[in-house]
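Try each one yourself before reading the solution.

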Amino acid sequence: MAAVAEPRAAVLSGEAEGAGAPRAKRRRRPRLTASEWGTWDDAQLLSLRISDLELPLEGSELEPRIAQLYAELAARGLEFRPHCWLSDEWFTPDGVPGIAIPFYLAHPRLSRLEQRQMLEVEGGTQEWCLKIMRHEAGHAIENAFGLRRRARRRELFGSTRVPYPEFYAPRPYSKSFVIHLDSWYAQSHPDEDFAETFAVWLTPESQWRERYQGWPALKKLEYMDELMGSLAGKAPTLPPGEPVDPLHSLRKTLRRHYETKRAHYGVDHPDFYDRDLRRLFSEDSAYAREATAASFLSRHRREIRQMVGRWTNEYQYTIDRVLDSMIVRCRQLNLRLATPPEHARLEFAVLLTVQTMNYLHSGRHRVAL
């Protein structure tokens, strides 16, 4: 492994400090272009501060995706164009008509780092990225025209003053909300309900009238259609403003960034699934020659995690934390295979799905707000 490169030292100017000497002025540390860090290994990258990254939107894969979002807004007759900038995550600041996009989408090397640190790249495909952009554009246009103050908006979606939850417990079968992003995100907060409804309305060929026929959510979509029609051709009442938390202001290292992010999406799990593990595997001496459950699950870890991810639409990292704690518990209980491997793999995937959904419905599901 290559040695970790030392970050560029800040350059000091002025006279040396000493008795009676003026304090040296610290100049801004120059940022590093992709030609400098693009070939670094993960250890080197993780030591780099986010503010040290020189990452333009121009020329990146994000540029045509932003252009497509603008084209979709234009096709609906809207003059509004949310300004976009890079930050450490997806968000639209309160009162700002713009969209922050995570830095890792601006360069493939950073996307690979994100994949290894979080096991997935949120918005990493064009389709996924545009879905999130449409959602964030819903927040941004609401800020641009002060739409939260409208009585009908509050009546249909609820008050924006409701505090954002750290966790939320979705109702998968509710027809009062549209379905756009994963994990029934529209149910997490009235503002997210509005943004998700806007995203469904904006999506080309979404056929929302047919898709939501008979759903209470259709009233929200019809209101959105009427509301956006009233804004067609109008300039926003709120100026673009300054980007919030742009890259150059984020002094934390990539290592610290991912430590914090993993802590947010991780969960602490009790051992209440021991009975289910003992039903699936065995500690009986009759199976002493069989593979341990821990080693079996470790070999199939990625396959099982991806399978459960498809079933639950949960974050891969959250699933992996549940899976990891169950593997540890299997090791502590000294459990071994007691059924054919294929049967055990499928049955365990079902068990892991149940545990993931238990957290989803218990209100402990972590959301990226």
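**Exercise 1.** How many helices and strands does the secondary structure of the protein chain come to?

*Solution.* This is a predicted model, where local features need pLDDT of at least 70, side-chain atom pairs count only at pLDDT 80 or more, and totals for chains, interfaces and linings use all residues. Residues are numbered from 1 along each chain as its sequence is written, and side-chain values use heavy atoms, leaving out hydrogens and water. Now take the DSSP runs, numbered from the N terminus: helices are H or I with at least four residues, strands are E with at least two. The tally is 15 helices and 4 strands.

**Exercise 2.** Find the largest nonpolar core and the residues with the most contacts inside it.

*Solution.* Start with burial (under 20% relative accessible area, 1.4 Å probe, protein chains only). Buried residues make up 48% of the 369 in the chain. Next, join buried Ala, Val, Leu, Ile, Met, Phe, Trp, Tyr and Cys through side-chain atoms within 4.5 Å. The largest such core has 70 residues, and Ile101, Phe103 and Met228 have the most contacts inside it. Helix α5 (residues 126-145) gives the most to this core, with 9 residues. A second, separate core has 25 residues, including Val308 and Met326.

Conventions: Buried means under 20% relative accessible area, exposed over 50%, partly exposed in between (1.4 Å probe, protein chains only).
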